[in-house]
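Hi,

Here is the structure I promised to pass on.

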Amino acid sequence: MKVKMISRNPDNYVRETKLQQHKLPRNYDPALHPLEGPREYVRALNATKLDRVFAKPFVCNLSGHRDGVSCFGKHPKLLSTLATGAYDGEVRIWDLANRTSIRNFVAHDGFVRGIAYAGNGDRLLTVGDDKTIKMWSSQAPEPGEEEEPINTILSRHILHGISHNRRENSFATCGEVCAIWDDQHNDPIKTLKWGVDTLHTISYNPVETTVLACCASDRSIILYDQREAQPLRKVVLTMKSNKLAWNPMEAFNFTVANEDCNLYTFDTRQLQTPLKIHFDHVSAVTDVDYAPTGQEFVSSSYDKTVRIYHAHQSHSRDIYHTKRMQHVVCVAWSLDNRYIFSGSDEMNVRMWKANASEKLGIIRPRERANFNYQEALKEKYAAHPQIKRIARHRQVPRHVLNAQRKMRAVKDKELLKEANVRRHSKKGKVPYVSEKQKHVLRQDV
Amino acid sequence: MTKTAPKGRKKPPARYFDVAAGKSEDDIANPIKLKRRNQQNFKGDFLKMQSHYKKQKFDKKKPTGSQDDKPKVPKISKELMDKYSRGDAVDSRGIKTRHFKEQQQRKEIYLEYATEQAARTELLLQETAGQLEADAEETTAGYRQEEIAANVDLQSAAKHFALKLDFGPYTMRYTKNGRHLLLGGRRGHVAAFDWVTKKLHCEFNVMETVADVQWLHVPTMYAVAQKEWVYFYDKKGTELHCVKRLTRVNRLDFLPYHFLLAAANSAGYASWLDVSIGELVGNFSTGLGDIRHMRHNPSNGVLCIGGGKGVVSMWSPKVREPLATILCHSTAMTALTVDPKGMHLVTAGLDRMVKVWDIRNLNDTPLATFRLRLPANELDVSQRGMLALSQGTYLETYTDVLEGGGTGLRDKLPYLRQRCDASVHGLRFCPYEDVLGVSTANGFHSLLVPGAGEPNYDALEDNPYETSKQRREHEVHALLEKIPPELITLDPHEITGVDAPTLQEKIDAKRQLFHLKPPRININPRHKMKGRGGTAKAARNKQIVKDMQRKDFIAEVRKAKKGVIADHKLKNDGDAGQQPKVKKERPVRSVLDRFKPKQQNQQKSRK
């Protein structure tokens, strides 16, 4: 007789001393792990719920400005530095790690309209309502010394915005005209016009660094090339665009924040129809900024909320709001892709997490592995109705909810009206027009 | 510049800068391959341009890079891959866009990699399964328990023991990790102990009839079905709870992943008690009368109840009708069991038959049938697929569920057989051990069955060596992952599948079309300002809108109906085209037919 029985030596299965780790032999045979699907589903459901439980996006409030915050300047090299400008002409430089203002000076009479850091981060350029461009050093002056700009340029035209070239030492301002400046000269090296009285905002393309885009008061978006004498092309929307941001990774795409509560993403090569319309805001969108990954962008609105969108999706993935936050004027996404800054009318700069439920601080490898596993589960079961419902649900302020209802009613009414007109018209007389085509009026070359 | 050799001396030795001897002129012409002119100053590597870059296809056979650099990874056999595989890959041919096609193909590569990694862990398993081989001219069936115990190591031999107990027919349960044993005597005796170390946790008499006992999710708590109600006790025998909503319970079972205690009572009620929240999630009459045989299917949590009419019905707590019924025997059933993998259902009836059914397919025909001399009164299947069955005091085991032979057949002898001193009332294989526990009318026997249990446990699932801290942590994790009772369905993978309508649902939807009623329309006309029509006009407008919507609906349904009918006709015509139907000619009847002899009809009526 040959006989063998399962006879486990406890030494192989029980730890010897309490200092050792428990021995956990694994056997991945599917037969020993029944009900795989339902258990995974429950785990995904729990992960989704926990995601909402831990969604506490607000990090801190940076207070110090004595008037509404008008614009942001992101330091290209230092993550912990942020420059903000206010309606009273004051510029503040913040140390974000310590949540303190490390420097402040009155740069302009009236509004600070725009702040831009030079490509290497050693200089700071501001424009204001007093028609001046001021160049400041990134270094704070010695104690006891006055804050003095390195250079002050008096412009002939009103200035509304500034953008610095990412590679070269040139920058562009907008206002009555689009002017390209060099840091060596006090006169613009080039001015570009296209029969428009005011250009609100200007932005250099981060990759093709000679290309510029402006938003104008005649509801148009104008593209320039700084090497050419004439503007490139112009696309006119139904309403005015407030801000423009280039996608840093797909630099042929840009997104504009529009007065009609929507954001429009355009492909530069195909301006006739927007790539995507981003809905969900209930009031004019004031600012937009891309994440450095180019996958997402953040927008701020007059409806006192900040929303985060996937670059290729129509509806927002998240909404941030607080009781005290008033009309949000400017917004920025930090260059490490983890934080969002919003500046609002009530003089505060707020710092938010880009991912609302992200855990800050040190994450140990096992914790990291668990987070990754939960992410994978959430993605796998995202289409299940219960999980989808929990993941999508957001508490929004009452005024936003009411406005959403009102907008929906208006939209429904318009649709009904159109359907009725179509019903009582000759066939083909009232064509079906897609939403994307409704908002672009014309394109000029 | 080369030196010329002086006269009278030998040629100077060859230098590297001289033309190498023995090499052809061609070799020397281009000693170094120069970079192109515009690349000469560049020291680094040139990246291939996008257009030159050949797109890598997702082809698993194609080796990437040179194979010599990489350590050789041994191939995994197909059987092993099949064991860990979760099914075939999705066919990407049907996917329309390239983006999603590539996404799917990439996903499949990851899945295959995961399967492969899981299969590779087989190498790390520490134990091998038990086995018993007979010598020449001997059979394993001939071996007695004492002989086996004498031939194995001391630790294993200690697993063979017998308990003589006085409180009459006993039922028994092992915990899920196979470490603890619970015995319940009909005449009130309840005992819980760690059977490996033989350490008694508690022993007491409830002074009432005990119908069944069952461990709960942890080995510190168990339920006892007593004469009137079900009681919960802890490891030390303290009464924790009395569930008065479960009355006159015959059978208890526990679904560990759902935290449900399933109970079947003598009035034919099936009840599911969620032990984590203390609520009955399902409690209804099955209409089967006194339920005597009940087991749950471990792979999907469905309760299999064997009735007195030879029918096995499968129940879920949230559905008041059986999910499926199988007519297994023409007589009353005597026992049933489901194998731990949830593949086979084994039933035994008074007709002395034992049948093995495929419960994933639910066919009419059993996979295997064998006849016994006496009806089997207890059945159980081990983790590695061994079948044990008892007939009165006699019990035998077979190595495979499908290969169970009939008693007395020379060529199909059982693997092991045993005669107990009293009739068997409970029979369970111990998980993760080569042990079969048998409870009889006057005691308990622990029998050695080499090769029955799974040798390698997964410590995060069931751990026989768990400490109390580990047990507590496991309990918390298990509670967080508690599956809601709504997910108990016949197919456990339903939740991960695509929710496509079945053929039956499609047919029903088509049939519904012919009985659809127009929906009720409620409209609230806008209140118009004074002078723009009164209530009469408003009512008329309302009626107009209602009529219009009704008309639209009817037109739509009519169109759909026409489509269905056209499809049906087309199909019928197609069939007719293949096999032209011959119209049966009706026989011409005449008044005189009544005088013909009615042979056929008469014969039928006689039958």
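A definition before anything else: two strands pair here if DSSP finds at least two bridges between them. Helices (H or I, at least four residues) and strands (E, at least two) are DSSP runs, numbered from the N terminus.

Now the housekeeping. This is a predicted model, so to speak of local features we need pLDDT of at least 70, and side-chain atom pairs count only at pLDDT 80 or more, while totals for chains, interfaces and linings use all residues. Residues are numbered from 1 along each chain as its sequence is written, and chains are lettered from A and ligands numbered from 1 in the order in which they are written.

Chain A comes out with 5 helices and 30 strands. Along the principal axes, its C-alpha atoms fill a box of roughly 105 × 80 × 40 Å. Of its 445 residues, 37% are buried (20 or more other C-beta atoms within 10 Å of the residue's own, with C-beta atoms placed from the backbone; 12 or fewer is exposed, and in between is partly exposed).

The bit I'd look at in chain A is strand β20 (residues 253–258). Because 6 of its 6 residues are buried, β20(A) is largely enclosed by the rest of the structure. N253(A), T255(A) and A257(A) point one way from the strand, and F254(A), V256(A) and N258(A) the other way.

What are the neighbours of β20(A)? Strand β19 (residues 241–246) of chain A runs antiparallel to β20(A), with 5 bridges, and S241(A) has N258(A) as its bridge partner. A hairpin of 6 residues links β19(A) to β20(A). Strand β21 (residues 263–267) of chain A is also antiparallel to β20(A), again through 5 bridges, and T255(A) sits opposite T265(A) there. This hairpin has 4 residues between the strands, and C261(A) in the turn has a positive phi of about 75°.

On to the interface. In chain B, 51 residues are in contact with 32 residues of chain A (contact means C-beta atoms, placed from the backbone, within 7 Å). Elements giving two or more residues to chain B's side include α2 (78–84), α4 (145–151) and α6 (468–480). Strand β1 (residues 2–4) of chain A also pairs with β1(B), antiparallel, by 3 bridges, and V3(A) stands opposite L132(B).

Cheers

Notes:
Contact = placed C-beta atoms within 7 Å.
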